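Here's my quick note for anyone opening this one for the first time. Have a look at the fold, then read on.

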Amino acid sequence: MLHTCHALGCEIEVPSRLLMHREHWRMVPVFLRLRVLHAYQPGQEITKITTAAYRQAAALAIISVAEQEERAVPELYRRMALKG
């Protein structure tokens, strides 16, 4: 299964188990990458069930890339980043 990279404005397709394609993923600070990886539960891309920890870590990673690319960040992502 494929989906588009979760970086804002990106349309590159990646395997559904990945949050972002390689270029965007490398823009995420290492400590945030580790947070995403530790919160990921194998198979969540199939069940569509994610933990609050994963959603928060993913939102922080998405915000990080968006800010580096000087993109506007929707309030939804900021709210998700605050929940934990």
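1. Ground rules. This is a predicted model, in which local features need pLDDT of at least 70 and side-chain atom pairs count only at pLDDT 80 or more, while totals for chains, interfaces and linings use all residues. Residues are numbered from 1 along each chain as its sequence is written, and side-chain values use heavy atoms, with hydrogens and water left out.

2. Overall build. You'll find five helices and two strands, in the order β-β-α-α-α-α-α along the sequence. The radius of gyration is 12 Å, close to the 12 Å that the globule rule gives for 84 residues, so the protein is as compact as a globular protein of that length. (Helices are DSSP runs of H or I with at least four residues, strands are E runs of at least two, both numbered from the N terminus; the radius is taken over C-alpha atoms, and the rule is 2.2 Å times the number of residues to the power 0.38.) Along the principal axes, the C-alpha atoms fill a box of roughly 30 × 30 × 25 Å.

3. Of the 84 residues, 38% are buried (buried is under 20% relative accessible area, exposed over 50%, partly exposed in between, with a 1.4 Å probe and protein chains only). Contacts mean heavy atoms within 4.5 Å; among those between residues at least 6 apart in sequence, 39% join residues at least 24 apart.

4. Helix 2, buried side. Which residues of helix 2 are buried? In this helix, residues 30–39, they are Leu 32, Val 36 and Ala 39. Seen down the axis, they fall within an arc of 75 degrees, so they line one face of the helix (the arc is that of the directions from the helix axis to the C-beta atoms). An α-helix has 3.6 residues a turn, so residues three or four places apart point the same way. The buried residues of helix 2 pack against helix 1 (22–27), helix 3 and helix 4.

5. Helix 2, other side. Turned away from that buried side are the exposed residues Val 30, Phe 31, Leu 37 and His 38.

6. Two loop residues worth a click. Lys 48 isn't a glycine, yet its phi is positive, about 65 degrees. Lys 48 sits in the loop between helix 3 (44–47) and helix 4 (52–68) and is exposed, at 62% relative accessible area. Glu 70, also not a glycine, has a positive phi of about 55 degrees. Glu 70 lies in the loop between helix 4 and helix 5 (75–82), exposed at 73%.
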